[in-house]
Amino acid sequence: MRKKIILASASPRRKEILEQMGLSFTVIPARGEEHPVCTRPAEVVKELALKKAEEVAASLEEPALVIGSDTVVAYQEEILGKPRDEADAFRMLKLLQGAEHTVYTGVAAVDTQSGRTAVHFASETEVSMYPMPEEWIWEYIRSGEPMDKAGAYAIQGGCSVWVREIRGEYANVVGFPAARFYQELLKQGTDLRKFCLPKGENPRWKACIFDLDGTLCDSVESIAVSANRALGALGMKEASLEDYRIFVGDGVDMLVRRLLRFAGQPEEVYFEKLKSLYMEYFEEGCIYRVEPYPGIRELLEELKRQGRKIGVLSNKPHENTKKVLDQVFGPGYFDCIQGCMEGIPRKPDPAGALLMARALGAEPEECLYIGDTGTDMKTGTAAGMYTAGVLWGFRGREELEAAGADALAAEPPEILDL
């Protein structure tokens with residue numbers, strides 16, 4: 001089995017550095033509390049880096065190289081962590097202005113196959129700053145950038161114009177000493193080039209956007225029961241479950257029109273009557289026998305473990321969409337939910353997908369769009385997202401391929417392979 005690289009950190013800066021190295025890796029953040037025994041900065045970061053790597057390595061059963069890392073800023077041996085508040089950020093930046101300090105980053109890589117610590121070191125970079133006026137310091141603090149940074153500054157951000165000189169590796173100050181890490185592994189006989197992605201490939205999506213019906217949940221029976229009840233109330237013939245697998249996916253209006261064509265009834269006479277009855281019955285029956293497909297819960301949990309955002313975009317009415325997801329997965333499980341509502345065109349219009357990407361903090365090209373119908377594939381493509389068609393839902397391979405699916409998945413775990 002091919003060994004994987006696992007980054008035991010949720011830091012976006014470390015993730016970006018590994019991506020710049022061209023590495024194929026998965027993010028599984030360590031969750032343990034950071035209470036180092038050591039006190040000297042270099043030893044602190046080494047200790048914490050190893051704890052992170054060992055924690056994640058212990059949770060894995062597959063062969064992997066798990067990378068842990070930790071960074072601190074030290075001024076005259078005082079460790080400056082992330083500021084507690086704006087006053088603490090001001091104190092740190094006042095200490096650093098016009099002076100020299102040291103950035104320490106510890107790195108540990110644990111091989112789960114052998115149980116061996118492949119590398120374990122601390123890298124140091126000396127940084128000197130120009131004097132910073134107090135008004136600039138407060139303006140910088142108000143930008144929000146310092147508040148989650150060790151030492152209250154980002155060398156790659158707004159503070160870059162006050163950096164006089166660095167001695168050592170620049171990437172070490174950003175959060176991960178890429179060159180030192182590469183060279184240390186080479187000494188151990190590990191060439192990171194075998195972990196690199198093919199040129200141009202970038203499957204590390206920040207966000208995954210899922211369709212609901214036929215993708216996350218098998219909900220066709222809830223729709224069929226409510227719709228057949230409405231048809232029966234109007235004296236019309238009922239449709240089968242297989243019929244509904246074709247009828248659903250494009251919103252309530254299209255479902256009603258397809259049912260009327262199926263029943264051989266004029267749309268202009270019965271559309272509003274049938275729609276009103278269906279909505280009434282579906283309000284109470286939208287969660288009837290709705291279950292996630294096998295493997296969906298495990299897929300979602302793994303995506304969340306990897307630090308990816310997950311959202312749901314459905315043509316089902318918004319309140320019904322939220323009710324189903326809250327019932328099946330629990331309130332607040334997804335980072336964003338969007339059903340059909342006034343002001344947002346239904347799929348395949350890309351507006352909903354683009355709104356969701358912004359809500360999830362991702363560009364369209366950083367989103368993986370997952371659905372089971374041609375409508376879903378057209379939606380994702382129109383939004384500029386990578387599309388994955390699932391074969392366990394309501395439609396088949398032929399429709400998904402015809403609609404331009406970038407990839408197909410026969411089972412939920414195959415989504416992770418993307």
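Trainee: Which residues line the second largest cavity?

Mentor: Leu 313, Ser 314, Asn 315, Gln 338, Gly 339, Cys 340, Ile 344, Pro 345, Arg 346, Lys 347, Asp 349 and Gly 352 do. This is a predicted model, where local features need pLDDT of at least 70 and side-chain atom pairs count only at pLDDT 80 or more, while totals for chains, interfaces and linings use all residues. Residues are numbered from 1 along each chain as its sequence is written, and side-chain values use heavy atoms, with hydrogens and water left out.

Trainee: Why is this called a cavity, and what makes a residue part of the lining?

Mentor: A cavity is a set of points, on a 1 Å grid over the protein atoms alone, where a 1.4 Å probe fits but cannot get out; lining residues have an atom within 4 Å of a point. The second largest cavity holds about 60 Å³ of space, a volume being the space filled by probe spheres set on the points. Strands E11 and E12 (336-340) each supply at least two residues of its lining.

Trainee: How do you know that the lining of this second largest cavity has nonpolar, polar and charged residues?

Mentor: Sort them by name: Ala, Val, Leu, Ile, Met, Phe, Trp, Tyr, Cys and Pro count as nonpolar, Asp, Glu, Lys and Arg as charged, and the others, Gly among them, as polar. The lining then divides into four nonpolar, five polar and three charged residues. Pro 348 sits in the loop between E12 and helix H13 (351-359).

Trainee: How many cavities of 30 Å³ or more does the structure hold?

Mentor: It holds two. The largest has a volume of about 190 Å³, and of its 19 lining residues the closest to the centre are Asp 213, Ile 223, Gly 249, Gly 251 and Lys 316. Helices H9 and H10 and strand E11 (309-317) each supply at least two residues of the lining, and E11 gives the largest share, four residues. By class, this lining has eight nonpolar, five polar and six charged residues.

Trainee: Why are H9 and H10 called oblique to each other?

Mentor: Their axes, lines fitted to C-alpha atoms over the stretch in contact, come within 9 Å and cross at roughly 125°. Angles, taken from 0 to 180 degrees between N-to-C directions, count as roughly parallel under 35, roughly antiparallel over 145, roughly perpendicular from 65 to 115, and oblique for the rest. The angle of roughly 125° belongs to the rest, so H9 and H10 are oblique.

Trainee: What residues make the contact of H9 with H10?

Mentor: Contact means heavy atoms within 4.5 Å. From H9 come residues including Leu 255, Val 256 and Leu 259, and from H10 residues including Tyr 270, Phe 271 and Leu 274. The contact has ten nonpolar, no polar and four charged residues.

Trainee: What makes H7 oblique to H10?

Mentor: The axes of H7 (residues 220-233) and H10 come within 8 Å and cross at roughly 140°. That angle is also among the rest, so H7 is oblique to H10. Among the residues that meet are Ile 223 and Ala 227 in H7 and Leu 277 and Tyr 281 in H10. Their contact divides into ten nonpolar, three polar and two charged residues.

Trainee: Where does Ala 152 lie, and what is its phi?

Mentor: Ala 152 lies in the loop between helix H4 (134-142) and strand E7 (163-167). Its phi is near 65°, a positive value in a residue other than glycine.

Terms used:
1 Å grid on protein atoms, 1.4 Å probe; cavity = no way out; pocket = protein on both sides within 12 Å on 5 of 7 lines; lining within 4 Å.
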